[in-house]
Amino acid sequence: MAFGLVGIAHGKKALRRTLSGLKEAASKPTTVPKGYIAVYVGEDQKKRHVVPLSYLNEPAFQELLSMAEEEFGYEHPMGGLTIPCREDVFIDLTSQL
């Protein structure tokens with residue numbers, strides 16, 4: 001009988017840890033893996049894309065960054081880097097990099 005109670009106590013502890021981990025994950029913003037950057041793309045509806053930092057060295061991507069600088073300066077409406085172009089154009093461009 002003692003084995004059953006120990007198992008239940010251990011299960012409750014594991015459940016508590018799992019639930020606290022879910023609360024932490026929900027309270028933190030979505031993380032971006034090391035070596036990547038999150039950008040928001042779209043004209044009306046902004047969609048978040050995560051791209052490799054190596055794209056920052058590509059001339060085509062630098063052109064998009066220039067467009068973002070012209071339109072937003074340092075005040076990006078989404079709180080992150082926002083690129084003012086259609087999503088399909090962005091996907092086409094990044095698929096060629």
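The report below takes up the sheet, then the helices, then the aromatic rings.

The model is predicted, so that local features need pLDDT of at least 70 and side-chain atom pairs count only at pLDDT 80 or more, while totals for chains, interfaces and linings use all residues. Residues are numbered from 1 along each chain as its sequence is written, and side-chain values use heavy atoms, with hydrogens and water left out.

Helices (H or I, at least four residues) and strands (E, at least two) are DSSP runs, numbered from the N terminus, and two strands pair if DSSP finds at least two bridges between them. In this model 3 strands form an open sheet with mixed pairing, in the order β2-β1-β3. The edge strands, each of which pairs on one side only, are β2 (47-52) and β3 (81-83). From one strand to the next the twist averages 40°, where axes are lines fitted to C-alpha atoms, for helices over the stretch in contact, and angles run from 0 to 180 degrees between N-to-C directions. Strand β1 (residues 36-41) runs antiparallel to β2 and is joined to β2 by 6 bridges; valine 41 stands opposite lysine 47 in β2.

| Helix | Strands | Angle |
|---|---|---|
| α2 (residues 59-72) | touches β2 and β3 | about 100° with β3 |
| α3 (residues 87-96) | lies across β1, β2 and β3 | about 15° to β2 |

The axes of α2 and α3 come within 9 Å and cross at roughly 150°. The two helices α2 and α3 are therefore roughly antiparallel to each other, a term for angles over 145 degrees. Their contact is made by Ala60, Phe61 and Leu64 of α2 together with Phe90, Leu93 and Thr94 of α3. These residues divide into 5 nonpolar, 1 polar and no charged, where Ala, Val, Leu, Ile, Met, Phe, Trp, Tyr, Cys and Pro count as nonpolar, Asp, Glu, Lys and Arg as charged, and the others, Gly among them, as polar.

The structure also holds 2 aromatic pairs, and rings of Phe, Tyr and Trp (its six-membered ring) pair if their centres lie within 6.5 Å, planes under 30 degrees apart being stacked, over 60 edge-to-face and the rest tilted. The rings of tyrosine 55 and phenylalanine 61 have centres 5.9 Å apart and planes at 55°, so this pair is tilted. Ring pairs link Tyr55, Phe61 and Phe90 into a cluster. Tyrosine 55 is buried at a relative accessible area of 15%, and phenylalanine 61 is buried at 0%, buried meaning under 20% relative accessible area (1.4 Å probe, protein chains only).

Terms used: Buried < 20%, exposed > 50% of the residue type's maximum accessible area, 1.4 Å probe, protein only. Contact = heavy atoms within 4.5 Å. Parallel < 35°, antiparallel > 145°, perpendicular 65-115°, else oblique.
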